[in-house]
Amino acid sequence: MDDFRLQSGGRPSDGGLPARRAVMRWAWRLFRREWRQQFLILALITVAVAATVLGSTVAVNDPPPKDAGFGTAQYSISFDPYGSKAQTVVTKVEHDGTVQLIENETFSIPGTINTYQLRSQAAHGPYGGPMLSLVSGHFPSSANEVAVTSGVASAFRLSIGKTWDVGGLDRHVVGIVQNPQSLLDAFALVVPGQVANPSEVTALFDVPRNDLRSIDKVLQANVPSSTVSSPASVAASNPLNPETISLAALVLGMLLIALVSIGGFTVLAQRRMRSIGMLESIGATDRHVRLVVSANGTVVGVVGSILGFIIGFAGWLLYRPSFEQSAHHIVGMFALPWLVVLIAMVLAIVAAYFASSRPARAVTKVPIVHALSGRPAPPRQIHRSIVPGIVFLVAAFLLLGYSGSTGGGDGNGGAPELLLGLVLLMPGLILLAPFFLSLTERVSRRAPIASRLALRDLARYRARSGSALSAISIGVLISVIVILASASRFSNVFDYAGPNLASNQIALHTGFPPQGVTIVHRNSKGQLVRVRHHKTETATPAQLSSGAEQIAKGLGGHLVALESPNAQLNGTQGGRSWSGQIYVATPQLLRAFGISASEINPKALVLTSRPGLAGVSGLSMDFGTSKQPVGQGGPAGGIKSPLIQEVSALPAGTSAPNTVITEYAMKKFHISESLSDWLVLGNQSFTAAQISSAQLTAASQQLQVESRNDIPSGSTIINWATLFGILIALGVLAMSVGLVRSETSGELRTLAATGASSYTRRTLTAVTAGALGFLGALLGVVGGYVAMIGWLRSNSLNGGISALANVPFGDLMLILFGMPAIAAAVGWLLASREPAVLGRQPIE
Amino acid sequence: MSMLELRKISKSYGQGANEVDALTDIDLSVERGSLVAIMGPSGSGKSTLLTIAGSLEEPTSGDVVIDGVRLSGMSRNDKARLRRRSIGYVFQDFNLLAGLTAVENVSLPLELDGVSLKKARSKGMEALERLGLGDRATNYPDQLSGGERQRVAIARAVVGERSLLLADEPSGALDSLNGEAVMRMILSACHGGVAAVVVTHDAKLASWADRVVFLRDGKAVDETLPPPTPEELLAPDVPNPA
């Protein structure tokens, strides 16, 4: 042995860098020659990185920029109105640092309910640069010059060179400008000092942090309603950080990709077995062989991540113009969340590397003679205990239970345990996958030959099918958790959740005194007259109704007055109390929703669109008198379990009149009512511009506008979650069934040679896809129930385990049986091609 | 000292009732510069013997000694190092790596051993030129004919300072003309001091060897000089081997 070692000539025992370079070169050549065989993995990584680049860029840039309204300043204070006390604050700030004032006076656009602002801002001030850009012309430089936004130019038919009477003075329009941080910002820009009655003044400033306290003191002493804001304080008010969400989705996505890729690289390594045997026969060490496979994985990861970045970035460049229009602010070409992009690219490479390292280890264990023969190594009979998987599930169950019990049973404060519990579910499912696969062998015993072979192969080649099964089950797990959590939350008819209104509905509520707005109109002589409205006025009920009518007219909608009864519903279901305003079922309201009197039970006290409310116990109706309103000093009377009739024609939104007291009940219990809200019903969805106009009008009418919010309905969430689970499962199956079947391509050749028809080939693929899909769905549903039972069993707020009684049966059946059926059908349709080489393995 | 020594080599596959003896107590010694042919019917254990001699497979019992070094107890990595430094292996179906050019295939064992790319390429080119393939060096295996591929495989087997050449049916996939050319190359390597063992079915090619070992059912049933040529048979002082 010593003699042999002496022959090394001082070269490293494993060949060192030259050897690694030679192996890497070969891996690269293999990738170039065989990239089609790695297309699925490559496509998967490319799409994931491209989606991350585009998705995270859109998510991060959709909200206004974090420095919107600050320019380059660190702090801002808004004064409304700007008086002597505000001036005191500004003097203090000027003493400590540099200040730029932006003054605004709001004007109405004659003949419309829209407004614009006359704004004085130094075009080249110390901080306001990012809030102002020139589209054409030049900035105003004297009192008789003005620059306008394109919206204002359009409304007043202005162009550069025209003269415009604005702010009590004829001014030359010298430029078209915009606020890059808010393209909806409609204003007319004049030089500082040209706004006579500013309705709002914003002070942008930078001061040392130490001076901020003294400024804040002065501010609180003089204008306590204002606060010092900074980009950080504005960002902190938004708990959902798009970058964090992008990263969480990215990590989960890459885990799924890694699981799918393991199967892909295993089959690839199997296909290259002969080449690897050749390499070993001429002296490659195990390390070299591992390097071939893992270098291939790394190359796939690198190429996939670079391609993904290029595609994602190109997609962003193409989408950016329309995105800017929808986001209403200018977004830079390179305004990508670079950290997220970098992490995505690195994770893609790491995922591909780790996915290939397991088959790389396995391939070194194949004897060289076996490898050279190109025969697949016989599957080893490994008994994988289900105990580790169950231990992980139990640990997840306990952690989720602990999380659910925190905060006195409402689950608040148990976020770390919740996260850890959900994370532990995944290794639990991965470790249980081999056991579930072993079940297929037992099931197959009495199946017809093609099905038996397919099911048995799934059990025999668990290295490939196991990773695919894990990926499917994790996708289904996420989907099932969302479905069950949504079903348990949205099924509570007392604490009704969901969107507040339909998209063709707007609710009007009595609001605060109107903001100061200068109304411009023409008098009888045709002259423009400015009338300033101050916010000290208080509207009468008649004025409010008139205002509501004006808004409904402006929207072209039908106005329904909503009478509030001096009554309320009380009760608790699943730990949650009754929520939501109730109204009176006036004839006008019923007519508006097409409900005829004959449809109503004459003895019904309450009508509702909340499904299941009619059969629920524990609800009471309390009512007061004109002297003693309900809820103030206790009810004057009440009735337990009032007769409730479900009327599906009533609107379903949480702010809509989804539950109303009948006129019969109002008369029987002498309940008084008052008018406080209105509902505007349109023939079609209201546009953002219509809503914006309604808000502006409402602001001057002491009304508040409530339009449809972004909260989805329970069925929307459940349907999307079902679709997500099915698509993930089908995607994984599309990528893995071919790989699993290629493992046994030799058997397929034998079958074809012995006369098996396309029926047999189709059945093999269909059963493989269907069985893998069903097992993944089953495992995911089991995991989902473990998670939800674990969490709900100790969570009183969400009604405990009984909340799971409202299972969306159809969606779960779709995942459990529909998805595998689709997979089997697609597998059947796509698997009819006869193997190209029947007699032998293709030679390298 | 023999370049290759096989001492009481046995190899069996399977276990219990399924156990099959592929080789039983084989002894073989190959000196430097000599060419040994191994013949025998299919399933007689010829290829198994060669793979054991080439450290590609472990014997069930017995010792393999290469250039005085026993393989038993050697780690996988040490065996790999031995293969790339001392043993050249030629296969029936060439076993060239499809992603590498002819010269890259030939220089690969040197590169795996840590020889710099430039030096390895230079030695690879030398080996190819010796075998008349200098102008085909940058071609990929699928751009070469069967005979050319086998010549590249031989160049890879002799490149560097290999002292043991093992060839398993090196002419099996070639026509007779190319088969003879291959044997001539192997013989030429032997003349340069390389010990060679060739497995073949072809008695005509075996006649090139210094010695022929006959295997039947895993046992060496005969070991003899090459079959005599017609001229030798006609000579009065040559005994009939039968």
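In this predicted model, helix H14 (residues 415–444) and helix H23 (residues 758–792) of chain A have axes that come within 10 Å and cross at roughly 140°. Axes here are lines fitted to C-alpha atoms, for helices over the stretch in contact, and angles run from 0 to 180 degrees between N-to-C directions. The crossing of H14(A) and H23(A) is right-handed; a crossing counts as left-handed if the near helix is turned anticlockwise from the far one by less than a right angle, and as right-handed if clockwise. Residues of H14(A) that meet H23(A) include A:Gly421, A:Leu425, A:Gly428, A:Leu432 and A:Phe436, and among their counterparts in H23(A) are A:Ala771, A:Leu775, A:Leu779 and A:Gly783. Two residues are in contact if their C-beta atoms, placed from the backbone, lie within 7 Å. By class, the contact of H14(A) with H23(A) has 11 nonpolar, 5 polar and no charged residues. Ala, Val, Leu, Ile, Met, Phe, Trp, Tyr, Cys and Pro count as nonpolar, Asp, Glu, Lys and Arg as charged, and the others, Gly among them, as polar.

Residues are numbered from 1 along each chain as its sequence is written, while chains are lettered from A and ligands numbered from 1 in the order in which they are written. Local features need pLDDT of at least 70 and side-chain atom pairs count only at pLDDT 80 or more, whereas totals for chains, interfaces and linings use all residues.

Chain A as a whole holds 24 helices and 24 strands; helices (H or I, at least four residues) and strands (E, at least two) are DSSP runs, numbered from the N terminus. Of its 844 residues, 46% are buried, that is, with 20 or more other C-beta atoms, placed from the backbone, within 10 Å of their own. Among contacts in chain A between residues at least 6 apart in sequence, 82% join residues at least 24 apart.

Strand E9 (residues 200–206) of chain A has 5 of its 7 residues buried, so it is largely enclosed by the rest of the structure. The table gives strand pairings in chain A; two strands pair if DSSP finds at least two bridges between them.

| Strands | Sense | Bridges |
|---|---|---|
| E1(A) and E9(A) | antiparallel | 5 bridges |
| E2(A) and E9(A) | antiparallel | 7 bridges |
| E18(A) and E22(A) | antiparallel | 3 bridges |

Within these pairings, A:Ile77 has A:Ala203 of E9(A) as its bridge partner, A:Gln100 stands opposite A:Leu204 of E9(A), and A:Thr608 is partnered by A:Thr659 of E22(A).

An open sheet of 4 strands in chain A has the order E17-E22-E18-E21, with mixed pairing. Strands E17 (583–584) and E21 (644–646) stand at its edges, each with a single partner strand, so one side of each is left without a neighbour in the sheet.

Between the chains, 30 residues of chain B are in contact with 34 residues of chain A. On the chain B side, helix H2 (76–85) and helix H3 (102–112) are the elements that give two or more residues. H2(B) gives the most, with 8 residues. This side of chain B comprises 13 nonpolar, 7 polar and 10 charged residues.

Key. A residue is buried if 20 or more other C-beta atoms lie within 10 Å of its own, exposed if 12 or fewer, and partly exposed in between; C-beta atoms are placed from the backbone.
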